[in-house]
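Me: I would like to go through this structure with you. Could we begin with the overall picture and then turn to individual sites?

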Amino acid sequence: MADRYENQAPETLQGKFHAKLICCILGIGGLVAWNSLLTIADYYYHVFPDYHPSRVLTLVYQPFALVTVVILAYHESEINTRKRNLIGYIIFTISTLLLIVLDLATKGRGGIGPYLSLCTIVASLGLADATVQGGMIGDLSLMCPQLIQSYMAGLGVAGALTSAFRLMTKAAFENSNSGLRKGALIFLTISALIQFLCVMLYAYVFPKLPIVKYYRRKAASEGSKTVTADLAAAGIKSQSYLTDDVSTYQRLSKKQILLQNIDYAMNLALIYILSLSIFPGFLYENTGQHGLGSWYALVLVGMYNCGNLVGRYTPLVKWLMFENRKGLTIATLSRFFLIPAFYFTAKYGDQGWMIMLVSFLGWTTGHLNVCILIIAPKGYKGPEKNALGNLLVVFVTGGIVVGTSLGWLWLIGKNNAF
């Protein structure tokens, strides 16, 4: 079946706005469960006060994500991307529903049994995260930069929305019995609905958009096998997009691709090592008591998420877009000056300075992350872009794991820290 768009420039294709909108929603669905867990951490601190929920749940979630994403990145060229992403979003939906069932079954009571069950479900969320993030970034790396930016913006929207809803639910239920629990259940219900919407959009709407079909056919013509199922879902079953030119299908190995982009990969790891060593554990446990009382940690998390969201859109401003590789590395390394800044602000500063620092941490995390993911795939063929996208997600996840582990160092010297 001939595709009437195959000879048109991508900018003239129909469906670009809808593709960007759907990518944003898919991004929200990829992180809304995790952001919900972080945002309702005050509820889990109430139920499990002795188990450091924000730190432990992060440490449970991320290693499962790292192991899964490494395995999937190694086999990326053989994996059906459509099935991979759909399975990931389905696991997200089921696991979030299980969090609701667990809370209802235990009636919000604590104890080691419910806590271990919570950790098990969180581990399955980590598996779903790795399945979706690597698959989506690899898939969107085949397409125009605006779709990657929209997806990454969706990840930021997930954090900002959950923080906004959490502040609203806290205000609504603060003076009622079981207010924290009601707010947490509302959050998890909304998360499950969004994730189910992602399953429907990715399965039935996204693959049929003309601009998406164009890029996937282009990738297939360059030898990509990961898009075959998506093309079939869009009604393209012909092999007319293939060519007899064997040189077209030659691609760099994963090792070659990684070596050519090692600075991008290491920068992504360092971005998240710093961010996750501070967020969220430090914000919940190490910032002391201030005038905002129990609202303080929620406000800090909200400001981080808002800064992160803004940072994922600022690369659209040309003069703010980092394209120089050395400049990206310098900007990434300079962020480590934030560690002493947070330490002395928590010890001697007031809440205004802390809010400003947290906002800046979130903004730089989102901005630098999007800059790298937009720039890195340029100049590669479809299969190589997919491989690079998966490899970069490995370093992102690795940075998150290291960062959450280093977050425990803030507890050194504290009384009753463990």
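Me: What share of the residues of the protein count as buried?

Reply: In this predicted model, 58% of the 418 residues count as buried.

Me: And how many helices and strands are there?

Reply: The protein has 17 helices and zero strands.

Me: What about the accessible surface; how much of it belongs to carbon and sulfur atoms?

Reply: Carbon and sulfur atoms hold 67% of an accessible surface of about 17600 Å².

Me: Of the contacts with a separation of 6 or more, what part comes from residues 24 or more positions apart?

Reply: Such pairs account for 83% of those contacts.

Me: Let us turn to helix packing. At what angle do the axes of H6 and H7 cross?

Reply: The axes of H6, residues 145-173, and H7, residues 179-205, cross at roughly 145° and come within 9 Å. The crossing is right-handed.

Me: Which residues meet there?

Reply: From H6, the residues are Thr162, Phe165, Arg166, Thr169 and Phe173. Their counterparts in H7 are Gly179, Leu180, Lys182, Gly183, Ile186 and Phe187. By class, this contact of H6 with H7 comprises five nonpolar, four polar and two charged residues.

Me: Now the loops. Where is Gly108?

Reply: Gly108 sits in the loop that links helix H4 (81-106) and helix H5 (112-140).

Me: Which residues does Gly108 contact, leaving aside neighbours within four places in sequence?

Reply: Gly108 is then in contact with Tyr43, Val47, Asp103 and Arg181.

Me: How far is Glu323 from Ile372 in space?

Reply: The distance is 8.2 Å, C-alpha to C-alpha, while the two are 49 residues apart in sequence.

Me: One last topic, the cysteines. How many disulfides does the structure hold?

Reply: The structure holds zero disulfides. Cys24 is in none, and the nearest cysteine sulfur, that of Cys23, lies 8.8 Å away.

Me: Why do Cys24 and Cys119 count as buried?

Reply: Buried means under 20% relative accessible area. Cys24 has 16%, so Cys24 is buried. Cys119 has a relative accessibility of 11% and therefore counts as buried.

Conventions. Residues numbered from 1 in each chain as written. Predicted model: local features only at pLDDT ≥ 70, side-chain atom pairs only at ≥ 80, totals over all residues. Heavy atoms only, no water. Axes fitted to C-alpha atoms, helices over the stretch in contact; angles between N-to-C directions. Helix = DSSP H or I, 4+ residues; strand = E, 2+ residues; numbered from the N terminus. Left-handed = near helix turned anticlockwise from the far one by under 90°. Contact = heavy atoms within 4.5 Å. Nonpolar A, V, L, I, M, F, W, Y, C, P; charged D, E, K, R; others polar. Disulfide = S-S within 2.5 Å. Buried < 20%, exposed > 50% of the residue type's maximum accessible area, 1.4 Å probe, protein only. Areas by Shrake-Rupley, 256 points an atom, 1.4 Å probe, with all protein chains shown as cover.
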